[in-house]
Every structure is written in C-alpha cells, then in structure tokens.
Amino acid sequence: ICEDLMAPHSPSVQLATDGAQIILNLAASNEVAGKRAYRKNLVQFQSAACNCIYAFCSAGYTESTSDLVFSGHSLIAENGRILAENGSPIATDYMLIQDCDLGRIQADRCKKQYYFYCGGLDDQPKTCISYTPLRSDGTLYPLRKLPFVPSAKADRDERCKEIFNIQVAGLKQRLSTIGANAVIGISGGLVSTLALLVAVEAMRQLGRPLTDVYGVTMPCFGTSDRTYNNSWELMRTLGINAKEISIKNAVTLHFQDIGHDINVHNGTFENSQARERTQILMDYASVVNGIVVGTGDLSELALGWCTYNGDHMSM
C-alpha cells in the first residue's frame, strides 16, 4: 500500500521478477507542493525498471483530514511511458480507463537477460486474486504517427541536439583513437548533410583543421542541379576538402559488363550507382588516410533504401 515507490527494496520489483506484468498500487500518497510531478516521475521510472504496466491509484480528496490532503492523483504507465493520468489537481469518484499492450511487455522482457535468472528469488507465499479479464478493442491505446519525435518544438529541438552530440562524441572518439581523417559522400540531401556536420564538429572539438574532412560528390544519372549545387555550396561554406568524381562512365561500363539496359530503371540501375559510390569512398579513404563516415540511417533501412554493400557500409 502506497510506499512501494518509496521503498529501497520495492515489492513491485519482486512481483515483476516473479512474472507479474501488471502492478497495481493502491496508494495513500498525501499532497504537498511539487509532489505531483515527483510522483509521476516515480511511476514512470518504476514501470520502466520493472518492464510492466504500473497502475497507481491514489486516495481521493474526500479522504483528506486536517493534517493530510489527498488529491486522487492516479496514473497508468507502460514500460516507462505514461498512458493515462487524471487531469484534475484535486479529484475523487472517477474512473481512469486505459488499454495496455501486454504483448509489448512480454517482448521487451524477452530481450533482457535478467528475466531469465530471476525465478525462485523469493520463497514467500503469493496471494493470487481471481478476476474476470476485461477485454477491449484497443481504441483506448495511444498511438502516435511519429513515436520517436517529440510533438513540442522545444522538446524536438532538445532531442535533435542530444542526438547530434551523441553522434559527435562517438565519431570524435573513433577519429582520436585511430588518428584518421573523415571521408563522406555528399549528395546534397539531408542524411549526408547531417553526417558532414557531425564530422566537422568532431574535428572542431579535436582541435584539428576542417580540411581533415574529405567530402566527395559523385554525380550520376539522377543527380539534379539542386542537389549538386547544394553539395558544393555546403562543402565550400564549411571549408572542408572537396572533390567531385563523376561515376557516369564507370556505371555505364558496368551495365555493359553485366548486360543491363541503361534505360531500365530498376533495382539494378539504382543499386549499381550506390555500390560504385561506396567503392570510390572506400578506396579514396585509403588514399587520404581516412575512414568512411556512413550516411545510411534507420529510416532509410526501414523503407529499403540502404543498398546492401552500398549505403549501409562504412567504418
């Protein structure tokens, strides 16, 4: 009752390790200034730590006394995400109803080694409560079109800065350890632009000249004037080493070698260009004592745009 979230050895941890997927906390948590946000953070964290559904039901305001005020603050969290929370700062006599995804809980636990070794940690008898399962069509489960992108602009900006700094730190450590330069294929698109900005910032933080970043633009059949000009403007503005290598002749010869009609714009047409670019970057990196900084990303991979032995290959 109530103190599960405050205890150094939380009973809910033991329940979760024994297999419980839904933890119900019947709470009598009194209200003081700032405690609502604190309580919400605790529920959110505990659901993440236990890989569970954590439903926190607090005493309503009619249970208040002259010494303690209760607010009726109730929450339902799933794996570190708040699914439902009553909005009124002081409330009572209401129902908080929310769909939860037990399949997600089970799948996440399968990924964690800890749950394979937690059986039999506690020999205390368990209390089992029989109940009639409540079934739903899932319409009360929150779905977001962009689950990894914060909706508020300020949060979005902060998330982007965080991602950028993490990428810079990783590349900076790699470049520092092996003493190499950075080689990047620049298309003029968003992904290679981000990779280039990361490489430039890593060099800045290392105190190395930006000319240690080698940008290569490799125009071919589908290169537009806009992306071509963007790539050159970007490289000149940043002050990196810039180079252009057209791959049209090489790809055309390759089509002749494998018997592909250059007018057939299928997977062979697209993948041959991607692999030629990768070959050039790999070999050019050897020439300039560099490593290829990858530009393939997860969104491309999910859509099938990362060509095998092409965009997805880098150091």
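1. Is C52 buried or exposed? C52 is buried, with a relative accessible area of 0%, where buried means under 20% relative accessible area, exposed means over 50%, and partly exposed lies in between (1.4 Å probe, protein chains only). Accessible areas come from the Shrake-Rupley method with a 1.4 Å probe, and for residues only the protein chains shown count as cover.

2. Please keep in mind that this is a predicted model, in which local features need pLDDT of at least 70 and side-chain atom pairs count only at pLDDT 80 or more, while totals for chains, interfaces and linings use all residues. Residues are numbered from 1 along each chain as its sequence is written, and side-chain values use heavy atoms, with hydrogens and water left out.

3. A disulfide is a pair of cysteine sulfur atoms within 2.5 Å, and by this rule the count comes to zero disulfides. C52 is in no disulfide, and the nearest cysteine sulfur, which belongs to C50, is 4.8 Å away.

4. N51 lies in the loop between helix 2 (35–49) and strand 2 (53–58); helices (H or I, at least four residues) and strands (E, at least two) are DSSP runs, numbered from the N terminus. N51 is buried, with a relative accessible area of 3%. Leaving aside neighbours within four places in sequence, N51 is in contact (heavy atoms within 4.5 Å) with N79, I105, D108, R109, K112 and Y115.

5. The largest nonpolar core has 23 residues, of which L171, L175, I184, L196, V213 and I240 touch the most other members. The elements that give two or more residues to this core are helix 4 (153–178), strand 5 (181–185), helix 5 (190–206) and helix 6 (225–238), and the largest share, seven residues, comes from helix 5. A nonpolar core is a set of buried Ala, Val, Leu, Ile, Met, Phe, Trp, Tyr and Cys residues joined through side-chain atoms within 4.5 Å. In soluble globular proteins, nonpolar side chains tend to be buried together.

6. Not counting residues up to four places away in sequence, V213 touches A182, I184, L196, A199, V200, M203, I240 and N241.

7. S187 is found in the loop between strand 5 and helix 5, and S187 is partly exposed, with a relative accessible area of 44%. Beyond residues up to four places away in sequence, S187 touches S192, T227 and S231. S187 and G72 are 115 residues apart in sequence and 56 Å apart in space, C-alpha to C-alpha.
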